[in-house]
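Work through these exercises with the sequence and the model side by side. Try each task before reading its solution.

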Amino acid sequence: MQYLVSVIDATAGLATPDEMAAIDVFNDRLIADGHWVFAGGLAAPSSATVIDNRGEEPIFTDGPFLESKEYLAGFWIIDVADLDAALKLATEGSKACHRKVEVRPFQ
Amino acid sequence: MSAADVQEAITRAHREQWARVVASLARRFGDLDIAEDAAAEAFAVAVERWPADGVPPNPGGWLTSTANRRAIDRIRRESKRDDKQKEAQLLHDDDPPGPSGAIDDQRLRLIFTCCHPALAMESRVALTLRLVAGLTVPEIARALLVQETAMGQRITRAKAKIRAARIPYRVPSAEDLPARVSSVLVVLFLVFNEGYLATGPGTDPVRHDLTTEAIRLTRLTRALMPDNGEVAGLLALMLLTEARRAARVSASGELITLIEQDRRAWDTALIAEGHRLVRERLAAGAAPGRYQILAAIAAVHTSACDVRDTDWSQVVALYDQLVRLDPSPIVALNRAIAVAELDGPEVALAAIDRLDRRLAGYHAYHATRADLLRRLSRGQESRAAYDKAIELAGNTAEIAYLTRRRDQLGLLAVIDWGRHAAQPPRRADLTATGSGSAGWRLAARAGRRSHRLPPRTRPASTPRSRKSRIRGHRLPPRRASGVARRPWPGGP
């Protein structure tokens, strides 16, 4: 069962060196225990472009689809047995990156 | 067997077997929806058939096998429709299905799944009442004062999340157990508290149905986890609280505080059972958790046949222990209420005034302050605090109690004024403003007594004092008491 663990941020700051180091340790463990599927950090929301090609012409809009104080700063995709296991890893992940995280199952 | 006997057998089977049937079907078919519907159908078949066919020798076995057949029928129907969808709905369960031993009762899995911390608290309460206690959706909606359709949706959404997010159907590992048990206990305590101090203008102040249900669920949890001290503690706390139920609301629907209660109306059987549990935990010698400490406090209160025999130093010592576990302002508030009895209202007031900011929205904080201020003869401030408490309180009996207290204060407030006025008003002035109203009488008394505070008077017309007079018993000392003494956060 795969879960998306989204990292929620409200500050413009990047991860500090300490946070980066903690994230690396956490990632290594995810890989070693076989839970790692994918992970990545994202650039600031202002760098996003929204594309709507449902009409005749594609429309490009500068900026994120949702302007909000909190935004998606990065994510993990993990593979675990159930929600309890996902919550346990996400709890550690939140500590490692020092940010709130959201756990959401894939369909 | 008479129709009444059959009805009684069905009611008993529902009470005793519902959770067992749901739990065993959930385990076997891996789906809470199927388990719930099939169990409900089996009971409906029993209602139809038992009056004619007689009550089967093993009602639990009959119900489980009937529910099993119904579930299989449904799965066959649905698997023709969509195999894949059925696959996706399976509850996640590490262990192979099969008969379970005595240690791992399937009902325990059901309880832990319904009280999973990833579900909203309202959903946990609703699911537990539906799947473990067997209340119908309309019953739960009524109990929790929610629209029936909204309650139905809440339960459906919760079950959908259990499926989609794969909340496991199992008893948590030993390492996770304490945190998960406390999540279960919070749900049970919430059901109890909602019964004990019902909120909402249209409800009875004490909802016996909910307190009974909460105790029943806690007894079940205790039977399934007999070694867990906190489960025993919560059960003891509920029993020792429930024991005071008959004495807690007056005939006129007003809250009677612990200090003012007629202790002869307390339920001695429940008290004895609660005390046994507390003694059992003391004998176990393990460090107590919050429910065990709260139960011990309740045990101190219920050990005193007369309020004057209450061992307040013991109560304060137990609160000190609780503060170390849980330094929340609500615990500090409750501790201060006991401190008022031990060291006087001034010390207690100083303690709770330090909590001001964090408890400004909590009615009990203002009610406690109002009482302490009243005892310190600071009438005006006390009145303002009562006003605030009444504004924030939700329980009808508590509002009635606080309102009476505040209105009696009218007397004191005016006396304060009389005491501080340079010259007491003359009788003629008072008559002119009063013209026979209650205001006149109060003002007139203030005028007469302006030089001296009256002794603390007993409210003239509480049913409790009437009853005592009729029976010719000695009245307890009318201590200046105030809000219901809350032996734990959240309810008196």
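**Exercise 1. Strands of chain A**

How many bridges join strand β1 (residues 2–9) of chain A to strand β5 (residues 71–79) of chain A, and do these strands run parallel or antiparallel?

Solution. First, some ground rules. This is a predicted model, in which local features need pLDDT of at least 70 and side-chain atom pairs count only at pLDDT 80 or more, while totals for chains, interfaces and linings use all residues. Residues are numbered from 1 along each chain as its sequence is written, chains are lettered from A, and ligands are numbered from 1, in the order in which they are written.

Step 1. Find the strands. Helices (H or I, at least four residues) and strands (E, at least two) are DSSP runs, numbered from the N terminus.

Step 2. Apply the pairing rule. Two strands pair if DSSP finds at least two bridges between them.

Step 3. β1(A) and β5(A) are joined by eight bridges and run antiparallel. As a check, look at A:S6: its bridge partner in β5(A) is A:F75.

**Exercise 2. Where the chains touch**

How many residues of chain A are in contact with chain B?

Solution. Step 1. Set the cut-off: two residues are in contact if their C-beta atoms, placed from the backbone, lie within 7 Å.

Step 1. Seven residues of chain A meet eight residues of chain B. Helix α2 (residues 83–97) of chain A gives the largest share of chain A's side, three residues.

Step 2. Sort chain A's side by class. Five residues are nonpolar, none is polar and two are charged. Here Ala, Val, Leu, Ile, Met, Phe, Trp, Tyr, Cys and Pro count as nonpolar, Asp, Glu, Lys and Arg as charged, and the others, Gly among them, as polar.

**Exercise 3. Buried or exposed?**

Decide whether B:V125 and B:P226 are buried or exposed.

Solution. Step 1. Use the rule: a residue is buried if 20 or more other C-beta atoms lie within 10 Å of its own, exposed if 12 or fewer, and partly exposed in between, with C-beta atoms placed from the backbone.

Step 1. B:V125 lies in helix α6 (residues 121–132) of chain B. B:V125 has 23 other C-beta atoms within 10 Å, so B:V125 is buried. Leaving out residues up to four places away in sequence, B:V125 touches B:L144, B:V187, B:L190 and B:V191.

Step 2. B:P226 sits in the loop between α10 (208–224) and α11 (229–242) of chain B. B:P226 has 9 C-beta neighbours inside 10 Å, so B:P226 counts as exposed.

Step 3. Widen the view. Chain B has 22 helices and zero strands. Of its 492 residues, 44% are buried. In chain A, 21% of the 107 residues count as buried.

**Exercise 4. One face of a helix**

Where do the buried residues of α18(B) fall, seen down its axis?

Solution. Step 1. Check the length. Helix α18 (residues 379–392) of chain B has 14 residues and reaches 20 Å from its first C-alpha to its last, close to the expected 20 Å. The expected span is 1.5 Å times one less than the number of residues.

Step 1. List the buried residues: B:G379, B:S382, B:R383, B:A385, B:Y386, B:A389 and B:I390.

Step 2. Look down the axis. These buried residues fall within an arc of 165°, so they line one face of α18(B). The arc is that of the directions from the helix axis to the C-beta atoms.

Step 3. Recall the general rule. An α-helix has 3.6 residues a turn, so residues three or four places apart point the same way.
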